[in-house]
Amino acid sequence: MDPKEQAEAVAEQTLSGTRERLESLGSRPTSEHVEVFDALHRELSGVLGALDQNANTPR
C-alpha cells in the first residue's frame, strides 16, 4: 500500500471512530461530553499532524 493509500485508510478509520463516539454522546450524561470532545480533539490533532508530517517528508 502506498503512502497516499495508507493516509486515506487512517483518515477513514479515524473519521469512522470519531462518528461513533460522537453518536454515543446521546446516551451519556452531558457532564461527560467535554471529556469526549477533549479526547477526540487530541486524537484528531495527532492524526492530522502525523499525516501532515508524512506529506512533507521527501521520498
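Trainee: Before we start, what are the ground rules here?
Mentor: This is a predicted model, so local features need pLDDT of at least 70 and side-chain atom pairs count only at pLDDT 80 or more, while totals for chains, interfaces and linings use all residues. Residues are numbered from 1 along each chain as its sequence is written, and side-chain values use heavy atoms, with hydrogens and water left out.

Trainee: Which residue does Arg21 pair with?
Mentor: Glu43, and their closest N and O atoms are 2.8 Å apart. Arg21 sits in α1 (residues 3-23) and Glu43 in α2 (residues 33-55), so this pair ties together parts that are 22 residues apart in sequence.

Trainee: Is Arg21 buried, partly exposed or exposed?
Mentor: Partly exposed, at 29% relative accessible area. Buried means under 20%, exposed means over 50%, and partly exposed is in between, using a 1.4 Å probe and protein chains only. Glu43 is partly exposed too, at 41%.

Trainee: What about the salt bridge of Arg28?
Mentor: Arg28 pairs with Glu32, with the closest N and O atoms 2.9 Å apart. Arg28 is partly exposed at 31%, and so is Glu32 at 28%.

Trainee: Switching to α2: which of its residues are buried?
Mentor: His33, Val36, Ala39 and Leu40. The buried residues of α2 pack against α1, where contact means heavy atoms within 4.5 Å.

Trainee: What span should α2 have?
Mentor: Its 23 residues should span 33 Å, and the end C-alpha atoms are 32 Å apart, which agrees. The expected span is 1.5 Å times one less than the number of residues.

Trainee: Last topic, the overall form. What is the radius of gyration?
Mentor: The protein has 14 Å, whereas a compact globule of 59 residues would have a value near 10 Å. That radius is taken over C-alpha atoms, and the globule rule is 2.2 Å times the number of residues to the power 0.38. Along its principal axes, the C-alpha trace spans about 45 × 15 × 10 Å.

Trainee: And what share of the residues is buried?
Mentor: Of the 59 residues, 12% count as buried.

Definitions and conventions: A salt bridge is a side-chain nitrogen of Lys or Arg within 4 Å of a carboxyl oxygen of Asp or Glu. Helices (H or I, at least four residues) and strands (E, at least two) are DSSP runs, numbered from the N terminus.
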